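Visitor: I should like to learn how to read the features of a model such as this one. Where might we begin?

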Amino acid sequence: MITSLLSEFSVQAKPEIPKYPVSMSVDRIQFLESMLKEEIGELLLAESIDSEVDALTDMIVFITDQAISHGFNLDMILMFVHAANMKK
């Protein structure tokens, strides 16, 4: 899924990916917040579906990259969350 697709970039950019999940630092969380705010701004100003999709996709990439960089396997987590949501 998404982790396996985007991990190639994350590993190439940051070769020291932890094998097990580690907590995100305040700096990393603030960086992610900044990137997401920028993309939400782009989404609010989007004048076409292409621009909306671009902003949404960039948010997914930023979130996934940070998850991978901290040893989180979003594929597995998404399966658990999806199963739980389907039971609601």
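Guide: We begin with a cut-off: a residue is buried under 20% relative accessible area, exposed over 50%, and partly exposed in between. Glu33 has 41% relative accessibility, so it counts as partly exposed. Please bear in mind that this is a predicted model.

Visitor: With which residue does the side chain of Glu33 meet in a salt bridge?

Guide: A salt bridge is assigned when a side-chain nitrogen of Lys or Arg lies within 4 Å of a carboxyl oxygen of Asp or Glu. Here the partner of Glu33 is Lys37, at 3.4 Å from N to O. The structure holds 1 salt bridge. Lys37 is exposed, its relative accessible area being 56%.

Visitor: How does one check the length of helix H2?

Guide: One compares the expected span with the distance between the end C-alpha atoms. Helix H2 covers residues 26-45; at 1.5 Å a residue, its 20 residues should span 28 Å, and the ends are 29 Å apart, which agrees.

Visitor: Which residues of H2 are buried, and where do they fall when seen down the axis?

Guide: Leu32, Met35, Leu36 and Glu39 are the buried residues of H2. Seen down the axis of H2, they fall within an arc of 95 degrees, so they line one face of the helix. These buried residues pack against H3. Exposed residues on the other side of H2 include Val26, Asp27, Leu44 and Leu45.

Visitor: What does the same length check give for H3?

Guide: The 21 residues of H3, residues 49-69, should span 30 Å at 1.5 Å a residue; the end C-alpha atoms are 30 Å apart, which agrees. Among the buried residues of H3 are Ala55, Met59 and Ile68. Just after H3, Gly71 adopts a positive phi of about 80 degrees.

Visitor: Which residues form a nonpolar patch on the surface?

Guide: Such a patch joins nonpolar side chains within 5 Å, from residues with over 30% relative accessible area. In this model Met1, Met76, Leu78, Met79 and Phe80 form one, with about 560 Å² of accessible area together. Leu78 belongs to helix H4, residues 74-86. Its relative accessibility is 41%, so Leu78 counts as partly exposed.

Terms used: Residues numbered from 1 in each chain as written. Predicted model: local features only at pLDDT ≥ 70, side-chain atom pairs only at ≥ 80, totals over all residues. Heavy atoms only, no water. Helix = DSSP H or I, 4+ residues; strand = E, 2+ residues; numbered from the N terminus. Expected span 1.5 Å × (residues − 1). Buried < 20%, exposed > 50% of the residue type's maximum accessible area, 1.4 Å probe, protein only. Patch = residues over 30% accessible without salt bridge, like charges linked within 9 Å, V, L, I, M, F, W, Y side chains within 5 Å. Areas by Shrake-Rupley, 256 points an atom, 1.4 Å probe, with all protein chains shown as cover. Arc of directions from axis to C-beta. Contact = heavy atoms within 4.5 Å.
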